[in-house]
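Please keep the structure in view while reading.

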Amino acid sequence: MTNLARAGTFKLADLTVKRLGYGAMQLAGPGVFGPPKDRAEAIAVLREAVESGVDHIDTSDFYGPHITNQIIKEALHPYSKDLVIVTKIGATRGEDASWNPAFSRDALTKAVHDNLKNLGLDAIDVVNLRAMFDIHGPAEGSLEEPLTVLADLQRQGLVKHVGLSNVTARQIADGRKITDIVCVQNQYNLAHRDDDALIDELAREGTAYVPFFPLGGFSPLQSETLTSVAARLGITPMQTALAWLLKRAPNILLIPGTSSRGHLRENLAVAEIDLPDDAMAELEGIANAH
């Protein structure tokens with residue numbers, strides 16, 4: 001079995017997690033909507049993840065909606081004391097599977113209570129507020145009102161820690177005036193490097209950075225480079241991209257998702273991959289290739 005401790009650990013305030021976790025988004029149906037085609041396999045994936053040492057699961061009640069959290073509860077409740085569950089609020093799903101902003105006090109409060117109910121928790125370890133000014137990426141806009149609501153729920157003991165998702169450096173700085181921000185979750189990968197400076201700044205501050213879409217938005221030329229480096233190392237392109245992220249900065253926490261146990265094992269094996277310097281250098285150039 002892979003030793004996940006080889007990837008190292010990082011602290012989310014008072015919570016220590018291994019740097020390689022699991023993202024539950026793919027446990028819902030196509031388009032992160034409706035039930036999975038194989039619920040039994042979804043449950044098996046979660047149980048194997050935890051048995052393999054995963055202690056950080058990323059989810060949201062708008063996956064499904066509700067379905068992913070209900071599957072997590074069925075598979076893992078009662079939870080082991082060292083399992084950290086991180087969820088997201090700030091959006092709802094339309095009947096057409098659309099993603100819609102949900103930033104009012106009532107919507108955010110309901111979202112926290114829905115997460116608590118569907119996960120079977122009295123308090124959520126970390127709740128990320130997802131900014132929805134632009135669904136495709138960070139865009140400026142004030143998060144003061146929704147973060148104030150989340151800080152109120154934190155004071156009530158329903159939320160232990162607060163993070164931000166799909167945000168800019170300014171929004172993080174402004175957010176810190178309202179409550180501690182323990183993690184930032186944005187799109188980042190070998191080809192999509194907009195947050196390079198932000199990651200380094202957060203590392204200096206001891207704040208976790210959780211990239212999503214580790215293989216999203218690659219051009220054919222970029223994919224060709226990734227595939228060639230992976231072949232040379234005898235690992236898959238996905239493993240190569242994840243291993244690069246682990247080595248990129250010590251505050252990066254990975255949450256690769258999958259709905260199959262075979263793919264889960266491939267993802268977790270990344271904990272024991274240490275990319276050589278020449279591979280890192282070649283991969284670094286991917287962002288400049290188009």
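## Aromatic pairs

F213 has a relative accessibility of 43%, so F213 counts as partly exposed. The model is predicted. F212 has a relative accessible area of 17%. That is under 20%, so F212 counts as buried. The rings of F212 and F213 pair edge-to-face, with centres 5.2 Å apart and planes at 80°.

In total, the structure has 6 aromatic pairs. Another of them joins F62 and Y63. F62 and Y63 are both buried. Ring pairs also bring in W99, giving a cluster of F62, Y63 and W99. The charged end of R93 lies over the W99 ring, 3.7 Å from the ring centre.

## Helix α2 and its cover

How many residues of helix α2 are buried? The count is 7 of 10, and the helix, residues 67-76, is mostly covered. The buried residues are I67, T68, N69, I71, I72, A75 and L76.

Helices and strands both contribute to the cover. Among the covering elements are the helices α1 (39-51) and α3 (105-119). The strands β4 (56-58) and β5 (84-89) are included too.

## Helix α8 and its two partners

Helix α7 spans residues 220-233, and helix α8 spans residues 237-248. Their axes come within 8 Å and cross at roughly 95°. An angle from 65 to 115 degrees counts as roughly perpendicular, so α7 and α8 are described that way. From α7, the contact uses L226, T227, V229 and A230. From α8, P237, T240 and A241 take part. The contact residues comprise 5 nonpolar and 2 polar, with no charged ones.

Helix α10 (residues 277-284) also packs against α8. Here the axes come within 11 Å, with a crossing angle of roughly 100°. α8 is therefore roughly perpendicular to α10. On the α8 side, the contact residues are T240, W244, K247 and R248. On the α10 side, they are D277, M280, L283 and E284. By class, this contact has 4 charged, 3 nonpolar and 1 polar.

## V167, a buried loop residue

V167 lies in the loop that connects β9 (159-165) to α5 (169-175). Is V167 buried or exposed? The relative accessibility is 1%, so V167 counts as buried.

Leaving aside residues up to four places away in sequence, V167 touches A131, P138, L143, I172, V184 and N186. L129 is 38 residues from V167 in sequence. In space, their C-alpha atoms are 9.3 Å apart.

## Q185, a buried strand residue

Q185 belongs to strand β10, residues 181-187. With 3% relative accessibility, Q185 counts as buried because the cut-off is under 20%.

Which residues does Q185 touch, not counting those up to four places away in sequence? They are D58, K88, N128, L164, S165, N166, V210, F212 and I255. F212 links this site to the ring pairs above, as F212 is paired with F213. G285 lies 100 residues from Q185 along the chain, and the two C-alpha atoms are separated by 24 Å.

Definitions and conventions: Residues numbered from 1 in each chain as written. Predicted model: local features only at pLDDT ≥ 70, side-chain atom pairs only at ≥ 80, totals over all residues. Heavy atoms only, no water. Axes fitted to C-alpha atoms, helices over the stretch in contact; angles between N-to-C directions. Helix = DSSP H or I, 4+ residues; strand = E, 2+ residues; numbered from the N terminus. Parallel < 35°, antiparallel > 145°, perpendicular 65-115°, else oblique. Contact = heavy atoms within 4.5 Å. Nonpolar A, V, L, I, M, F, W, Y, C, P; charged D, E, K, R; others polar. Phe/Tyr/Trp six-rings, centres within 6.5 Å; stacked < 30°, edge-to-face > 60°. Buried < 20%, exposed > 50% of the residue type's maximum accessible area, 1.4 Å probe, protein only. Lys NZ or Arg CZ within 6 Å of the ring centre and 35° of its normal.
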